[in-house]
Each structure stands twice: as structure tokens, then as C-alpha cells.
Amino acid sequence: MLCISMKAGDYFTVGDDTVIQFDRLTGDRVHLIVNAPREVPILRGEVLERQGGSRPDCVRELARRPLRQLPWNHAKKRALAELRQVLDQMEDSPERQVLREKLDFIFPPVGEEGASEPPSQPA
């Protein structure tokens, strides 16, 4: 099995008349452009299997990669505490409430002091 690393715009060929081009990456989805003769059937794996076809032996199950998290350190913890202090000093307004809700969603308050830390990172 061949494993290819590509950048947007890169392409590879299969035989003389099939071209597969990497169009873009959106989140965790890859967009490919496939140019092949009409007589060459092209089916996504899930469609093939839903229609009763079997998964090719060469296709391996890939483990889901954990989401990347921000590296957390003392300076970021201090900056977050300062943001919370500034919010506490602002006059009550709808904008302040939105900022507080978004900040608490991203970094839920922990402990009595309101100090926050992101979820622990996988080892």
C-alpha cells in the first residue's frame, strides 16, 4: 500500500487516465477531485459496504486522533484570571454577559477562586 502526503493542489495519477487531486481540507474532511473514465466505477467505501460490497483487505481502521489542545502554562492561567477580573470590573451589559458566557464555555471556572484550567492533555 502506498501512503502519500499532499498539499492542496497536489495530485497523483492511477494508470494512464485517472487523476486524483487534493482540493482542500476542511476541519477533519478531505475534499478530493477525481477525474476518471466513465466506465471506471468510483464509490465511497461506505456506499460500497451499504450496497453489500465487502471492505477491501488493504483498508485499515484508523484510530481517531485526539483534538489538539492549547499548551497550558502559568502565564496563560494568569492571563485568564486577569480577563475574568476585567470582566468583573465592567458595567453590567448584554455584551459583558456574552463575553462571560463565551469565556466560561471555553474555560469553565474551577475551584473557589474562579481559576480555570483546560482539560488535562493526553499523555
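Which residue stands opposite Thr18 in E2? The residue opposite Thr18 is Val14, and this pair belongs to a predicted model in which three strands form an open, antiparallel sheet in the order E1-E2-E3. The mean pLDDT of the protein chain is 84, with 85% of its residues at 70 or more. Besides the sheet, the model has a largest pocket holding about 2,800 Å³ of space, to whose lining E1, E2, E3 and helix H1 (45-50) each supply at least two residues.

**Sheet layout**

- The edges of the sheet are formed by strand E1 (11-14) and strand E3 (29-35), each of which pairs on one side only.
- On average, and with direction ignored, neighbouring strands of this sheet are turned by 25° against each other.
- Strands of a sheet pair through backbone hydrogen bonds, in either a parallel or an antiparallel sense; here the pairing is antiparallel.

**E1 with E2**

- Four bridges join E1 to E2, and the two strands run antiparallel.
- E1 and E2 form a hairpin with three residues between them, and in its turn Gly15 has a positive phi of about 70°.

**E2 with E3**

- Strand E2, which covers residues 18-26, pairs with E3 in the antiparallel sense over seven bridges.
- Val19 has Asn35 of E3 as its bridge partner, and Thr26 stands opposite Arg29 in E3.
- The hairpin of E2 and E3 has two residues between the strands, and Gly27 in this hairpin takes a positive phi near 65°.

**Largest pocket**

- The largest pocket is lined by 41 residues, of which Val30, Leu32, Val59, Arg60 and Leu62 are the closest to its centre.
- E3, an edge strand of the sheet, gives the largest share of this lining, with five residues.
- Sorted by class, the lining of the largest pocket consists of 25 nonpolar, six polar and 10 charged residues.

**Confidence by element**

- Among the elements of the protein chain, E1 has the highest mean pLDDT, at 95, whereas helix H3 (residues 94-106) has the lowest, at 89.
- E1, the element with the highest mean pLDDT, is also one of those that supply at least two residues to the lining of the largest pocket.

Notes. Residues numbered from 1 in each chain as written. Predicted model: local features only at pLDDT ≥ 70, side-chain atom pairs only at ≥ 80, totals over all residues. Heavy atoms only, no water. Pairing = 2+ DSSP bridges. Axes fitted to C-alpha atoms, helices over the stretch in contact; angles between N-to-C directions. 1 Å grid on protein atoms, 1.4 Å probe; cavity = no way out; pocket = protein on both sides within 12 Å on 5 of 7 lines; lining within 4 Å. Points joined across faces, edges and corners; volume = space filled by probe spheres on them. Nonpolar A, V, L, I, M, F, W, Y, C, P; charged D, E, K, R; others polar. pLDDT = per-residue confidence, 0-100.
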